[in-house]
Amino acid sequence: MTHDRADLIRAVWAKGSCGYLLHEGQLEVRRLFKECRERRFVLCCSRRYGKSFLACVLAIEHALQNTGASVRIAAPTAKMVRNIIEPHMRTILAECPESLRPKHHKQDGAWHFEKTGSFIHVAGCDGGNAERHRGTDCSLAIVEEAGFVDELDYVVDDIFTPQLLTTNGRMMMLSSPPRTPAHPFVAYALSAQE
């Protein structure tokens, strides 16, 4: 890495921005999410678009830009957390300056940002694990591959929505199309279009 590039990377991380890691389509979704004033933002797009990577970038940016932020990422399964979310977090944070880099507490599924006092908590929703997302408050909730989360209504309405009330927080649901149009994600996607 050249000295100039290293300086630029340090500068954007200091601003809490990782946008240079995103492709053009992801940058557009990021822009739309940041400009949207609705509490819930829904994205339905094809597999391999980079939804999970984008979710991780948004979570990290939020944790860096907001003091004391609590970010929660829900995935359909614990296996998805291990095989997709954690590797993306490692890739993104590889370029993070040491002074800003969070400490990963693998057993808790959390990254703690000492500089801002923020944290990112990640867990699957299978086998009753959705309860691991319960907490006192949350400023950003991300439901990754929401169209494949069992009991999505429960995760969204009973676990995340109450946590967002006191923080005026936001929720993002990302997914490729679910196997059946009867999945609750379809209703959330349709209501988001209204």
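Helix α3 (residues 51-65) lies across β1, β2, β4 (110-113), β5, β6 and β7, and its direction makes about 170° with that of β6. Here helices (H or I, at least four residues) and strands (E, at least two) are DSSP runs, numbered from the N terminus; angles run from 0 to 180 degrees between N-to-C directions, with axes fitted as lines to C-alpha atoms, for helices over the stretch in contact. The model is predicted: local features need pLDDT of at least 70 and side-chain atom pairs count only at pLDDT 80 or more, while totals for chains, interfaces and linings use all residues. Residues are numbered from 1 along each chain as its sequence is written, and side-chain values use heavy atoms, with hydrogens and water left out.

The sheet itself is open and mixed, with 7 strands in the order β1-β7-β6-β2-β5-β4-β3. Its edges are β1 (40-44) and β3 (103-105); each has a single partner strand, so one side of each is left without a neighbour in the sheet. From one strand to the next, the twist averages 15°. Strands β2 (residues 70-75) and β5 (residues 118-124) pair in the parallel sense over 6 bridges, where pairing requires that DSSP find at least two bridges between two strands. V71 has I120 in β5 as its bridge partner.

The largest nonpolar core has 39 residues, a core being a set of buried Ala, Val, Leu, Ile, Met, Phe, Trp, Tyr and Cys residues joined through side-chain atoms within 4.5 Å. Its largest share, 10 residues, comes from α3. W13, I60, M89, I92, I120, I142 and M172 have the most contacts inside this core. A second, separate core of 20 residues includes C125, C138, L152 and M173.

Within α3 lies L64, which counts as buried because its relative accessibility is 13%; buried means under 20% relative accessible area, exposed over 50%, and partly exposed in between (1.4 Å probe, protein chains only). Neighbours within four places in sequence aside, L64 is in contact (heavy atoms within 4.5 Å) with W13, G16, L100, F113 and T116. The C-alpha atoms of L64 and S17 are 8.2 Å apart, although 47 residues separate the two in sequence.

Helix α4 (residues 78-93) also has residues in the interior: M80, V81, I85, E86, M89, I92 and L93 are buried.
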